[in-house]
Amino acid sequence: VSRFEGIVMAPPDPIHGFSEAFRADVDVKKLSLGVGAYRTEELQPYVLDVVKKAENLMLERGENKEYLSMEGLAAFNKVTAELLFGADNPVIEQQRVATVQGLSGTGSLRLAAALIERYFPGAKVLISSPTWGNHMNIFNDARVPWSEYRYYDPKTVGLDFEGMISDIKAAPEGSFVLLHGCAHNPTEKNHIPFFDVAYQGFASGSLDADASSVRLFAERGMELLVAQSYSKNLGLYAERIGAINVVCSSTDAAARVKSQLKRIARPMYSSPPVHGARIVANVVGDPALFNEWKVEMEMMAGRIKNVRQKLFDCLSAKDKSGKDWSFILKQIGMFSFTGLNKTQSDNMTNKWHVYMTKDGRISLAGLSLAKCEYLC
Ligand code: PMP
């Protein structure tokens, strides 16, 4: 009998769990709207031209494969913080940001969670309801207590602003408030804003515009945390490249925080991978490649915006129930939160071969103009 007999089967992941079911589905109409990964209009994966160019440069230069230090590639850490805050931001000039390369957005959130667990014992993280499903797992595994704040209003399929503010006000003093780039002011109770920036540039098409909420908080002189990811905006999903940034009120505090982040990384994975870090450093550090990246990102964001508009147009034209579909146009970024419940989402999959998460979220990046009609 196995010594592992007591280990039960883990449940399938709500987002990645149905990849196999999708592959096995032989219906030509099938649509994969579960995972948030950019697809072309032909619904194929996309490697950015600037990424290929940066990789060629790296090959030509014959870069080595030596270990990075615990904090990652210095050139990457420099450009990633500049990209987020703007190079001329006082927090950068005054060296008040502790930046450490992380294993993409997830790994960077996990580092921050470990920092919170170690140095803010008992502090709660407030998470929007709903949120990206992995947030709960990350804080559970890091043993950081969390609770939800109201965010979604089913009546408008929009924001419950009053509910959000009152839940943040009711939270214990000194809580961390996890935000997806939406700007509100949680200072009243010494809360610490904690931004998850997984889509910089992908929402509006502009890197600066999508960083504006983070910059606004920094401008107000607040201390804050920001996790970054290059999965979507540079299409580096499998390279696992991102960073955790902690903005502190002094240079000294930033140096101490950085030293502790490195210490947390060491027993977790020792040091991060170099390939994605070099790609980002090369693209952002080279004015020509940087400009090309912006053009490609506008193209990707633009395709999603077109799909969003088309989906709205189709639904408004076809649906005679009088339902107001304008929430689709008010939402931004890669996803649409449809308001479909679990039964309806199941029905979409089981009857119509449309694979989506059970909370009613669909990835518009997995949809093409040609398929809008069918989905509608
Ligand atoms: N945060 C949010 C809100 C996300 O949607 C994602 C990606 N789905 C991530 C973080 C992290 O993704 P990754 O680890 O690939 O950077």
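In the present model, which is predicted, the axes of helix H11 (residues 275-285) and helix H12 (residues 287-318) cross at roughly 100° and come within 5 Å. H11 and H12 are therefore roughly perpendicular to each other. On the H11 side the contact is formed by Asn282, Val283 and Val284, and on the H12 side by Leu289, Phe290 and Trp293. By class, the residues of this contact of H11 with H12 comprise five nonpolar, one polar and no charged.

A second helix pair was examined in the same terms, since two packed helices are described by the angle between their axes and the distance between the axes. For H5 and helix H10 (residues 251-269), the axes come within 10 Å and cross at roughly 110°. With this angle, H5 is roughly perpendicular to H10. H5 contributes Leu111, Ala114 and Leu115 to the contact, while H10 contributes Gln260, Leu261, Ile264 and Ala265. The residues of the contact of H5 with H10 divide into six nonpolar and one polar, with no charged residue.

The residues around the ligand are Gly36, Ser104, Gly105, Thr106, Trp132, His180, Asp196, Ala198, Ser229, Ser231, Tyr237 and Gly242. By class, this shell holds eight polar, three nonpolar and one charged residues.

In soluble globular proteins, nonpolar side chains tend to be buried together. The largest nonpolar core of the model has 96 residues. Within this core, the residues with the most contacts are Ala112, Val125, Phe194, Leu224 and Val280. When residues up to four places away in sequence are not counted, Val280 touches Phe76, Val79, Thr80, Tyr230, Leu234 and Ile241.

Ala81 is located in helix H3 (residues 74-85). Ala81 has 22 C-beta neighbours inside 10 Å and therefore counts as buried, the cut-off being 20 or more. Its contacts, not counting residues up to four places away in sequence, are with Ile92, Val97, Thr99 and Asn245. The C-alpha atoms of Ala81 and Ile244 lie 9.1 Å apart in space, although 163 residues separate Ala81 from Ile244 in sequence.

Definitions and conventions
Residues are numbered from 1 along each chain as its sequence is written. This is a predicted model: local features need pLDDT of at least 70, side-chain atom pairs count only at pLDDT 80 or more; totals for chains, interfaces and linings use all residues. Axes are lines fitted to C-alpha atoms, for helices over the stretch in contact, and angles run from 0 to 180 degrees between N-to-C directions. Helices (H or I, at least four residues) and strands (E, at least two) are DSSP runs, numbered from the N terminus. Angles under 35 degrees count as roughly parallel, over 145 as roughly antiparallel, 65 to 115 as roughly perpendicular and the rest as oblique. Two residues are in contact if their C-beta atoms, placed from the backbone, lie within 7 Å. Ala, Val, Leu, Ile, Met, Phe, Trp, Tyr, Cys and Pro count as nonpolar, Asp, Glu, Lys and Arg as charged, and the others, Gly among them, as polar. A residue is buried if 20 or more other C-beta atoms lie within 10 Å of its own, exposed if 12 or fewer, and partly exposed in between; C-beta atoms are placed from the backbone. A residue is near a molecule or strand if its C-beta atom, placed from the backbone, lies within 6 Å of it. A nonpolar core is a set of buried Ala, Val, Leu, Ile, Met, Phe, Trp, Tyr and Cys residues joined through C-beta atoms within 7 Å.
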